[in-house]
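Colleague: I have not worked with this one before. Can you walk me through it?

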Amino acid sequence: MAASMAARAAGRGLRAALGGRRGRAELPAPPPPGAPGPRRALGGPGTAALLRERLRQRQVSGVPPAVSGVPPPGDSDGSRGSLRLLALRLGGLLAATGGVTVLYIFGSNSVDEHGNKVPDEFDSDPVGIRHLRRTIKYFKDYRQMIIEPTSPRLLPDPLQEPYYQPPYTLVMELTGVLLHPEWSLVTGWRFKKRPGIDHLLQQLAPLYEIVIFTSETGMTAFPLIDSIDPHGFVSYRLFRDATRYMDGHHVKDISCLNRDPARVVVVDWRRDSFRLQPYNGLALPRWDGASDDRALYDLAAFLKTVALSGVEDVRTVLENYSLEDDPLAAFLRRRTRLQEEEQQRRAELAQGHKPAGAFLGSLTGRLWPRSKQQ
(Lines give C-alpha, C1' and ligand atoms only; values in the text may rest on other atoms or scores of the structure.)
Protein backbone atom coordinates (compact mmCIF):
# COMPACT_ATOMS: atom_id res chain seq x y z
CA MET A 1 0.00 0.00 0.00
CA ALA A 2 2.82 2.28 0.81
CA ALA A 3 4.26 1.47 -2.52
CA SER A 4 1.04 2.36 -4.32
CA MET A 5 0.80 5.68 -2.52
CA ALA A 6 4.35 6.55 -3.48
CA ALA A 7 3.57 5.67 -7.08
CA ARG A 8 0.52 7.96 -7.15
CA ALA A 9 2.53 10.84 -5.68
CA ALA A 10 5.23 10.38 -8.24
CA GLY A 11 2.60 10.45 -10.98
CA ARG A 12 1.08 13.69 -9.73
CA GLY A 13 4.49 15.36 -9.63
CA LEU A 14 5.23 14.25 -13.17
CA ARG A 15 1.89 15.58 -14.43
CA ALA A 16 2.44 18.90 -12.65
CA ALA A 17 5.84 19.22 -14.19
CA LEU A 18 4.52 18.44 -17.63
CA GLY A 19 1.56 20.78 -17.20
CA GLY A 20 3.86 23.64 -16.15
CA ARG A 21 5.99 23.20 -19.19
CA ARG A 22 2.90 23.12 -21.41
CA GLY A 23 1.60 26.37 -19.87
CA ARG A 24 4.92 28.08 -20.37
CA ALA A 25 5.09 26.87 -23.90
CA GLU A 26 1.59 28.22 -24.70
CA LEU A 27 2.40 31.83 -23.57
CA PRO A 28 3.13 34.13 -26.55
CA ALA A 29 6.60 35.41 -27.00
CA PRO A 30 7.20 39.01 -25.90
CA PRO A 31 7.19 41.51 -28.81
CA PRO A 32 10.50 42.95 -29.90
CA PRO A 33 11.44 46.47 -28.75
CA GLY A 34 9.59 49.20 -30.72
CA ALA A 35 6.92 46.85 -32.06
CA PRO A 36 3.24 47.78 -31.41
CA GLY A 37 1.54 45.94 -28.62
CA PRO A 38 -1.34 43.60 -29.10
CA ARG A 39 -4.75 45.19 -29.64
CA ARG A 40 -7.64 44.47 -27.34
CA ALA A 41 -10.52 42.85 -29.11
CA LEU A 42 -13.57 45.16 -29.49
CA GLY A 43 -16.71 44.07 -27.81
CA GLY A 44 -14.89 42.02 -25.25
CA PRO A 45 -15.65 42.11 -21.55
CA GLY A 46 -12.77 44.52 -20.90
CA THR A 47 -14.13 47.11 -23.34
CA ALA A 48 -17.60 47.04 -21.82
CA ALA A 49 -16.16 47.49 -18.33
CA LEU A 50 -14.04 50.42 -19.49
CA LEU A 51 -17.05 52.19 -21.10
CA ARG A 52 -19.16 51.63 -18.01
CA GLU A 53 -16.41 53.15 -15.85
CA ARG A 54 -16.09 56.26 -18.06
CA LEU A 55 -19.88 56.76 -18.10
CA ARG A 56 -19.96 56.53 -14.33
CA GLN A 57 -17.18 59.17 -14.03
CA ARG A 58 -19.06 61.59 -16.33
CA GLN A 59 -22.27 61.21 -14.38
CA VAL A 60 -20.44 61.88 -11.12
CA SER A 61 -18.75 65.04 -12.54
CA GLY A 62 -22.06 66.44 -13.99
CA VAL A 63 -20.95 66.43 -17.66
CA PRO A 64 -23.67 65.01 -19.98
CA PRO A 65 -22.57 62.27 -22.35
CA ALA A 66 -22.22 62.86 -26.07
CA VAL A 67 -25.39 62.32 -28.07
CA SER A 68 -25.33 61.28 -31.72
CA GLY A 69 -21.68 62.14 -32.05
CA VAL A 70 -22.11 65.76 -30.83
CA PRO A 71 -19.62 66.62 -28.08
CA PRO A 72 -21.01 68.06 -24.85
CA PRO A 73 -20.77 71.84 -24.42
CA GLY A 74 -17.58 73.16 -22.92
CA ASP A 75 -17.17 74.97 -19.67
CA SER A 76 -16.80 78.38 -21.47
CA ASP A 77 -20.37 78.29 -22.85
CA GLY A 78 -21.81 77.53 -19.46
CA SER A 79 -19.85 80.34 -17.84
CA ARG A 80 -21.02 82.86 -20.47
CA GLY A 81 -24.64 81.88 -19.92
CA SER A 82 -24.23 82.31 -16.18
CA LEU A 83 -22.66 85.73 -16.59
CA ARG A 84 -25.42 86.83 -18.97
CA LEU A 85 -28.10 85.77 -16.51
CA LEU A 86 -26.27 87.51 -13.68
CA ALA A 87 -26.00 90.73 -15.73
CA LEU A 88 -29.73 90.68 -16.52
CA ARG A 89 -30.61 90.21 -12.89
CA LEU A 90 -28.28 93.00 -11.82
CA GLY A 91 -29.68 95.37 -14.50
CA GLY A 92 -33.23 94.66 -13.42
CA LEU A 93 -32.31 95.29 -9.79
CA LEU A 94 -30.65 98.61 -10.64
CA ALA A 95 -33.62 99.71 -12.78
CA ALA A 96 -36.06 98.90 -10.03
CA THR A 97 -33.93 100.70 -7.45
CA GLY A 98 -33.61 103.76 -9.71
CA GLY A 99 -37.36 103.88 -10.37
CA VAL A 100 -38.16 103.71 -6.66
CA THR A 101 -35.59 106.44 -5.95
CA VAL A 102 -37.06 108.74 -8.63
CA LEU A 103 -40.57 108.21 -7.30
CA TYR A 104 -39.43 108.95 -3.77
CA ILE A 105 -37.49 112.11 -4.65
CA PHE A 106 -39.90 113.70 -7.14
CA GLY A 107 -43.08 112.20 -5.75
CA SER A 108 -42.80 113.48 -2.19
CA ASN A 109 -44.55 116.59 -0.95
CA SER A 110 -42.72 119.87 -1.30
CA VAL A 111 -41.68 121.54 1.93
CA ASP A 112 -41.79 125.15 3.11
CA GLU A 113 -38.96 127.18 4.62
CA HIS A 114 -39.53 125.49 8.00
CA GLY A 115 -39.33 121.97 6.60
CA ASN A 116 -43.06 121.27 6.86
CA LYS A 117 -44.78 119.36 4.08
CA VAL A 118 -47.03 121.40 1.83
CA PRO A 119 -50.31 119.59 1.14
CA ASP A 120 -51.45 119.18 -2.46
CA GLU A 121 -54.25 117.58 -4.49
CA PHE A 122 -52.58 114.15 -4.44
CA ASP A 123 -52.62 113.59 -0.68
CA SER A 124 -55.88 111.62 -0.81
CA ASP A 125 -54.47 109.01 -3.23
CA PRO A 126 -52.79 105.77 -2.11
CA VAL A 127 -49.09 105.98 -1.33
CA GLY A 128 -47.74 104.58 -4.59
CA ILE A 129 -50.29 106.39 -6.77
CA ARG A 130 -49.68 109.79 -5.18
CA HIS A 131 -45.93 109.49 -5.70
CA LEU A 132 -46.42 108.47 -9.32
CA ARG A 133 -48.81 111.36 -10.07
CA ARG A 134 -46.53 113.92 -8.41
CA THR A 135 -43.57 112.64 -10.43
CA ILE A 136 -45.50 112.88 -13.70
CA LYS A 137 -46.65 116.40 -12.85
CA TYR A 138 -43.11 117.46 -11.98
CA PHE A 139 -41.69 116.38 -15.34
CA LYS A 140 -44.62 117.91 -17.23
CA ASP A 141 -44.01 121.23 -15.49
CA TYR A 142 -40.28 121.00 -16.21
CA ARG A 143 -40.93 120.36 -19.91
CA GLN A 144 -43.38 123.26 -19.98
CA MET A 145 -40.76 125.50 -18.39
CA ILE A 146 -38.32 124.69 -21.21
CA ILE A 147 -40.85 125.16 -24.02
CA GLU A 148 -42.78 128.17 -22.73
CA PRO A 149 -41.40 131.56 -21.60
CA THR A 150 -40.84 131.94 -17.90
CA SER A 151 -43.64 134.50 -17.65
CA PRO A 152 -46.48 135.83 -19.84
CA ARG A 153 -45.17 139.34 -19.00
CA LEU A 154 -41.42 139.37 -19.42
CA LEU A 155 -40.99 143.12 -18.85
CA PRO A 156 -42.49 145.31 -16.13
CA ASP A 157 -45.16 147.87 -16.94
CA PRO A 158 -44.00 150.96 -18.86
CA LEU A 159 -42.79 153.87 -16.77
CA GLN A 160 -45.27 156.59 -15.94
CA GLU A 161 -44.67 160.30 -15.44
CA PRO A 162 -42.63 161.94 -14.05
CA TYR A 163 -40.32 159.16 -15.33
CA TYR A 164 -39.41 159.03 -19.01
CA GLN A 165 -40.54 156.08 -21.12
CA PRO A 166 -39.09 155.99 -24.67
CA PRO A 167 -41.81 155.75 -27.33
CA TYR A 168 -40.38 152.61 -28.98
CA THR A 169 -38.83 149.33 -27.83
CA LEU A 170 -35.76 147.83 -29.52
CA VAL A 171 -35.12 144.10 -28.95
CA MET A 172 -31.65 142.96 -30.03
CA GLU A 173 -29.83 139.64 -30.19
CA LEU A 174 -26.37 139.53 -28.63
CA THR A 175 -24.22 136.99 -30.51
CA GLY A 176 -24.12 137.40 -34.27
CA VAL A 177 -25.43 140.98 -34.10
CA LEU A 178 -23.36 142.76 -31.43
CA LEU A 179 -20.66 140.17 -30.69
CA HIS A 180 -18.78 137.49 -32.60
CA PRO A 181 -17.43 134.39 -30.80
CA GLU A 182 -13.89 133.35 -31.69
CA TRP A 183 -11.82 130.40 -30.49
CA SER A 184 -8.10 129.72 -30.54
CA LEU A 185 -5.72 127.30 -28.86
CA VAL A 186 -4.03 130.14 -26.99
CA THR A 187 -6.99 132.11 -25.63
CA GLY A 188 -9.90 129.67 -25.93
CA TRP A 189 -13.32 131.30 -26.49
CA ARG A 190 -13.36 135.08 -26.82
CA PHE A 191 -16.04 137.52 -28.02
CA LYS A 192 -15.19 140.27 -30.45
CA LYS A 193 -17.05 143.56 -30.10
CA ARG A 194 -18.70 144.78 -33.29
CA PRO A 195 -17.73 148.24 -34.50
CA GLY A 196 -20.39 150.86 -33.79
CA ILE A 197 -21.92 149.43 -30.58
CA ASP A 198 -21.25 152.57 -28.56
CA HIS A 199 -22.60 154.79 -31.33
CA LEU A 200 -25.75 152.68 -31.68
CA LEU A 201 -26.56 152.72 -27.96
CA GLN A 202 -25.90 156.43 -27.54
CA GLN A 203 -27.98 157.44 -30.55
CA LEU A 204 -30.98 155.22 -29.80
CA ALA A 205 -31.20 155.33 -26.00
CA PRO A 206 -33.39 158.50 -25.98
CA LEU A 207 -35.76 157.08 -28.61
CA TYR A 208 -35.89 153.36 -27.81
CA GLU A 209 -36.20 151.25 -24.72
CA ILE A 210 -33.26 148.93 -25.47
CA VAL A 211 -33.71 145.27 -24.52
CA ILE A 212 -31.05 142.59 -25.05
CA PHE A 213 -33.05 139.43 -25.73
CA THR A 214 -30.66 136.57 -26.50
CA SER A 215 -30.94 132.82 -26.92
CA GLU A 216 -27.80 132.43 -24.81
CA THR A 217 -27.99 131.44 -21.16
CA GLY A 218 -27.83 134.12 -18.50
CA MET A 219 -24.55 132.77 -17.12
CA THR A 220 -22.87 133.35 -20.48
CA ALA A 221 -24.58 136.54 -21.63
CA PHE A 222 -24.75 138.62 -18.44
CA PRO A 223 -21.02 139.46 -18.19
CA LEU A 224 -20.90 140.06 -21.96
CA ILE A 225 -23.65 142.67 -21.74
CA ASP A 226 -21.81 144.36 -18.88
CA SER A 227 -18.70 144.58 -21.04
CA ILE A 228 -20.42 146.24 -24.05
CA ASP A 229 -22.69 148.55 -22.02
CA PRO A 230 -20.64 150.18 -19.26
CA HIS A 231 -22.91 153.27 -19.23
CA GLY A 232 -26.17 151.37 -18.71
CA PHE A 233 -28.02 152.20 -21.94
CA VAL A 234 -29.59 148.71 -21.96
CA SER A 235 -32.82 148.83 -19.98
CA TYR A 236 -33.59 145.11 -19.65
CA ARG A 237 -31.96 141.73 -20.30
CA LEU A 238 -33.77 138.56 -21.32
CA PHE A 239 -32.16 135.16 -21.86
CA ARG A 240 -32.90 131.69 -23.20
CA ASP A 241 -35.43 130.84 -20.51
CA ALA A 242 -37.64 133.70 -21.76
CA THR A 243 -37.88 132.26 -25.29
CA ARG A 244 -40.49 129.88 -26.66
CA TYR A 245 -38.96 126.62 -27.90
CA MET A 246 -40.53 125.62 -31.24
CA ASP A 247 -39.26 123.02 -33.73
CA GLY A 248 -35.71 123.21 -32.43
CA HIS A 249 -35.56 127.04 -32.39
CA HIS A 250 -35.68 129.56 -29.56
CA VAL A 251 -38.41 131.97 -30.66
CA LYS A 252 -38.88 135.44 -29.16
CA ASP A 253 -42.56 135.94 -28.61
CA ILE A 254 -43.29 139.68 -28.74
CA SER A 255 -46.71 139.17 -27.21
CA CYS A 256 -45.03 138.29 -23.90
CA LEU A 257 -43.01 141.52 -23.66
CA ASN A 258 -45.80 143.58 -22.05
CA ARG A 259 -45.32 146.24 -24.71
CA ASP A 260 -47.41 147.50 -27.63
CA PRO A 261 -46.38 145.31 -30.63
CA ALA A 262 -46.93 148.28 -32.95
CA ARG A 263 -43.89 149.95 -31.39
CA VAL A 264 -41.52 146.99 -30.99
CA VAL A 265 -38.60 146.34 -33.37
CA VAL A 266 -36.69 143.05 -33.19
CA VAL A 267 -33.18 142.90 -34.65
CA ASP A 268 -31.71 139.43 -35.17
CA TRP A 269 -29.83 137.44 -37.78
CA ARG A 270 -32.20 134.44 -37.56
CA ARG A 271 -35.66 134.87 -39.06
CA ASP A 272 -36.90 131.96 -36.97
CA SER A 273 -36.29 134.06 -33.87
CA PHE A 274 -39.32 136.26 -34.67
CA ARG A 275 -41.35 133.78 -36.71
CA LEU A 276 -44.46 134.44 -34.60
CA GLN A 277 -44.41 138.15 -35.49
CA PRO A 278 -42.51 138.32 -38.79
CA TYR A 279 -43.28 142.00 -39.48
CA ASN A 280 -41.82 143.08 -36.14
CA GLY A 281 -38.37 141.83 -37.11
CA LEU A 282 -35.41 143.09 -39.04
CA ALA A 283 -33.16 140.21 -40.19
CA LEU A 284 -29.57 141.36 -40.63
CA PRO A 285 -26.79 139.25 -42.14
CA ARG A 286 -24.82 137.52 -39.42
CA TRP A 287 -21.63 139.38 -38.54
CA ASP A 288 -18.53 137.33 -39.37
CA GLY A 289 -16.13 139.35 -37.23
CA ALA A 290 -14.85 141.73 -39.94
CA SER A 291 -13.27 144.83 -38.43
CA ASP A 292 -14.41 147.15 -41.26
CA ASP A 293 -18.10 146.38 -40.69
CA ARG A 294 -20.46 149.41 -40.72
CA ALA A 295 -23.82 147.70 -40.19
CA LEU A 296 -24.47 149.12 -36.71
CA TYR A 297 -23.96 152.67 -37.95
CA ASP A 298 -26.48 152.05 -40.73
CA LEU A 299 -28.85 150.39 -38.26
CA ALA A 300 -28.68 153.42 -35.99
CA ALA A 301 -29.52 155.70 -38.92
CA PHE A 302 -32.46 153.52 -39.99
CA LEU A 303 -34.02 153.20 -36.52
CA LYS A 304 -33.47 156.88 -35.80
CA THR A 305 -35.28 157.79 -39.01
CA VAL A 306 -38.22 155.56 -38.03
CA ALA A 307 -38.48 157.10 -34.56
CA LEU A 308 -38.09 160.72 -35.70
CA SER A 309 -40.71 160.16 -38.41
CA GLY A 310 -43.24 159.33 -35.70
CA VAL A 311 -44.37 156.05 -37.27
CA GLU A 312 -47.48 154.79 -35.52
CA ASP A 313 -46.96 151.13 -36.42
CA VAL A 314 -43.43 149.97 -37.14
CA ARG A 315 -44.76 146.78 -38.74
CA THR A 316 -45.93 148.77 -41.77
CA VAL A 317 -42.34 149.95 -42.25
CA LEU A 318 -40.55 146.69 -41.53
CA GLU A 319 -42.85 144.83 -43.89
CA ASN A 320 -41.20 146.66 -46.78
CA TYR A 321 -37.85 145.13 -45.82
CA SER A 322 -39.07 141.65 -44.84
CA LEU A 323 -38.05 140.08 -48.16
CA GLU A 324 -34.65 141.79 -48.40
CA ASP A 325 -31.54 139.70 -47.79
CA ASP A 326 -29.84 142.82 -46.46
CA PRO A 327 -32.49 145.34 -45.33
CA LEU A 328 -29.90 147.95 -44.34
CA ALA A 329 -28.39 147.91 -47.83
CA ALA A 330 -31.89 148.41 -49.24
CA PHE A 331 -32.42 151.33 -46.86
CA LEU A 332 -29.14 152.92 -47.94
CA ARG A 333 -30.11 152.62 -51.61
CA ARG A 334 -33.42 154.33 -50.93
CA ARG A 335 -31.77 157.03 -48.87
CA THR A 336 -29.21 157.69 -51.61
CA ARG A 337 -31.99 157.97 -54.16
CA LEU A 338 -33.84 160.34 -51.85
CA GLN A 339 -30.78 162.56 -51.45
CA GLU A 340 -30.37 162.72 -55.21
CA GLU A 341 -33.99 163.70 -55.61
CA GLU A 342 -33.60 166.34 -52.92
CA GLN A 343 -30.60 167.84 -54.67
CA GLN A 344 -32.46 167.85 -57.98
CA ARG A 345 -35.47 169.53 -56.36
CA ARG A 346 -33.32 172.25 -54.85
CA ALA A 347 -31.63 172.83 -58.20
CA GLU A 348 -35.00 173.17 -59.91
CA LEU A 349 -36.26 175.53 -57.20
CA ALA A 350 -33.17 177.65 -57.58
CA GLN A 351 -33.86 177.93 -61.31
CA GLY A 352 -37.54 178.70 -60.66
CA HIS A 353 -38.92 175.87 -62.76
CA LYS A 354 -41.18 174.35 -60.05
CA PRO A 355 -42.78 175.70 -56.92
CA ALA A 356 -41.80 174.29 -53.52
CA GLY A 357 -45.08 172.39 -53.22
CA ALA A 358 -44.36 170.25 -56.24
CA PHE A 359 -41.88 168.09 -54.36
CA LEU A 360 -43.20 164.49 -54.33
CA GLY A 361 -43.87 163.00 -50.90
CA SER A 362 -42.35 163.43 -47.50
CA LEU A 363 -39.18 161.88 -46.13
CA THR A 364 -40.98 158.88 -44.70
CA GLY A 365 -43.12 158.33 -47.80
CA ARG A 366 -40.06 158.01 -50.02
CA LEU A 367 -38.12 155.70 -47.70
CA TRP A 368 -40.96 153.19 -47.57
CA PRO A 369 -44.09 153.09 -49.75
CA ARG A 370 -47.02 155.02 -48.33
CA SER A 371 -49.48 152.23 -49.15
CA LYS A 372 -47.78 150.00 -46.61
CA GLN A 373 -48.47 152.45 -43.80
CA GLN A 374 -52.24 152.52 -44.29
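Modeller: Start with Tyr 208, which counts as buried at 1% relative accessibility. Keep in mind that this is a predicted model.

Colleague: Which ring pairs with Tyr 208, and is the pair stacked, tilted or edge-to-face?

Modeller: The partner is Tyr 168, and the pair is tilted. The ring centres are 5.5 Å apart, with 35 degrees between the planes.

Colleague: What else does Tyr 168 touch, beyond its neighbours within four places in sequence?

Modeller: Its contacts include Leu 207, Glu 209 and Arg 263, and also Val 306, Ala 307 and Gly 310. The C-alpha atoms of Tyr 168 and Leu 303 are separated by 9.9 Å, although these residues are 135 apart along the chain.

Colleague: Let's move to the helix there. How long is α7?

Modeller: Helix α7 covers residues 295-308, which makes 14 residues. From first C-alpha to last it reaches 20 Å, close to the 20 Å expected at 1.5 Å a residue.

Colleague: Is α7 mostly covered or mostly open?

Modeller: Mostly covered, with ten of its 14 residues buried. Among them are Leu 296, Asp 298, Leu 299, Phe 302 and Thr 305.

Colleague: And what follows α7?

Modeller: Gly 310 comes after α7, and its phi is positive, near 70 degrees.

Colleague: Which residues touch the most other members of the largest nonpolar core?

Modeller: Leu 178, Tyr 208, Leu 299 and Phe 302 do, in a core of 41 residues. At least two residues each come from several elements, including β1, β4, α5, α6 and α9. Helix α7 gives the most, with eight residues.

Colleague: Why would such residues gather like that?

Modeller: In soluble globular proteins, nonpolar side chains tend to be buried together.

Colleague: What does Leu 178 touch, leaving aside neighbours within four places in sequence?

Modeller: The contacts of Leu 178 include Met 172, Ile 197, Leu 200, Ile 212, Trp 287 and Leu 296.

Colleague: Why is the pair of Phe 302 and Tyr 321 called edge-to-face?

Modeller: The planes of the two rings stand at 85 degrees, and over 60 counts as edge-to-face. Their centres are 5.3 Å apart.

Colleague: Which parts does that pair tie together?

Modeller: Phe 302 lies in helix α7 and Tyr 321 in the loop between α8 and α9, so the pair ties together parts 19 residues apart in sequence. Relative accessibility is 1% for Phe 302 and 3% for Tyr 321, so both count as buried. Ring pairs also link Phe 302 and Tyr 321 with Phe 331 into a cluster.

Colleague: Which arginines lie over ring faces?

Modeller: Arg 237 lies over the face of Phe 222, at 4.4 Å from the ring centre. Arg 294 lies over the face of Tyr 297, at 4.1 Å from the ring centre.

Colleague: Now the loop between β8 and β9. Is Ser 273 buried or exposed there?

Modeller: Ser 273 is in that loop, and it is buried, with a relative accessible area of 1%. Its side chain makes a polar contact of 3.2 Å with the side chain of Asp 268. Other contacts of Ser 273 include His 250, Val 251 and Lys 252.

Colleague: And Asn 280, buried or exposed?

Modeller: Asn 280 counts as buried, at 2% relative accessibility. It is also placed in the loop between β8 and β9. Not counting residues up to four places away in sequence, Asn 280 touches Pro 261, Val 264, Val 265, Val 266, Val 314, Arg 315 and Leu 318.

Methods. Residues numbered from 1 in each chain as written. Predicted model: local features only at pLDDT ≥ 70, side-chain atom pairs only at ≥ 80, totals over all residues. Heavy atoms only, no water. Helix = DSSP H or I, 4+ residues; strand = E, 2+ residues; numbered from the N terminus. Expected span 1.5 Å × (residues − 1). Buried < 20%, exposed > 50% of the residue type's maximum accessible area, 1.4 Å probe, protein only. Core = buried A, V, L, I, M, F, W, Y, C linked by side-chain atoms within 4.5 Å. Contact = heavy atoms within 4.5 Å. Phe/Tyr/Trp six-rings, centres within 6.5 Å; stacked < 30°, edge-to-face > 60°. Lys NZ or Arg CZ within 6 Å of the ring centre and 35° of its normal. Polar contact = N/O pair within 3.5 Å; in protein donor to acceptor, adjacent residues only side chain to side chain.
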